[in-house]
Amino acid sequence: MTDPQGDAPLCSAKGCGADARWGLRWNNPKIHTPERRKVWLACDEHREHLSQFLDMRGFLRDVVPVDALEPTDG
């Protein structure tokens, strides 16, 4: 998700409008091929919470700075 002007990616946490600084790359092995990556974006405040949510389900693959995300991510 990007801000209303389309400039900066925004945090994926519900109700958060902060600029995203982290890309949480994940996949659900029950429905995605092993190489597929979905991406949630996180601000500094929500990085840990969103990471824990995905990790508890076995979905989290890695966390990278948002500027390190590849065009094929997500």
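**From one residue to the whole chain**

Mentor: Let us begin with Leu-69, which lies in the segment after strand 3; helices (H or I, at least four residues) and strands (E, at least two) are DSSP runs, numbered from the N terminus. This is a predicted model, in which local features need pLDDT of at least 70 and side-chain atom pairs count only at pLDDT 80 or more, while totals for chains, interfaces and linings use all residues. Residues are numbered from 1 along each chain as its sequence is written, and side-chain values use heavy atoms, with hydrogens and water left out.

Trainee: Is Leu-69 buried, exposed or partly exposed?

Mentor: Buried means under 20% relative accessible area, exposed over 50%, and partly exposed in between (1.4 Å probe, protein chains only). Leu-69, with a relative accessible area of 22%, is partly exposed.

Trainee: Which residues does Leu-69 touch?

Mentor: A contact means heavy atoms within 4.5 Å. Leaving aside residues up to four places away in sequence, Leu-69 touches Gly-23, Arg-25, Val-39, Leu-41 and Val-64.

Trainee: How are the strands arranged in the sheet?

Mentor: Two strands pair if DSSP finds at least two bridges between them. Here three strands form an open sheet in the order 2-1-3, with antiparallel pairing. Strand 2 (38–42) and strand 3 (60–65) are at the edges with a single partner strand each, so one side of each is left without a neighbour in the sheet. Strand 1 (residues 22–26) pairs with strand 3 over five bridges in the antiparallel sense, and Trp-26 has Leu-60 as its bridge partner in strand 3.

Trainee: How should I read the buried side of a helix?

Mentor: An α-helix has 3.6 residues a turn, so residues three or four places apart point the same way. In helix 1 (residues 47–56), the buried residues are Leu-50, Ser-51 and Leu-54. They cover an arc of only 100 degrees around the axis (taken from the directions from the helix axis to the C-beta atoms), which puts them on the same side of helix 1. These buried residues pack against strand 1, strand 2 and strand 3, whereas the face turned away from the buried side carries the exposed residues Glu-48, His-49 and Met-56.

Trainee: What follows helix 1?

Mentor: Gly-58 follows helix 1, and its phi is positive, near 75 degrees.

Trainee: In what order do the elements of the chain run?

Mentor: From the N terminus on, the order is β-β-α-β.
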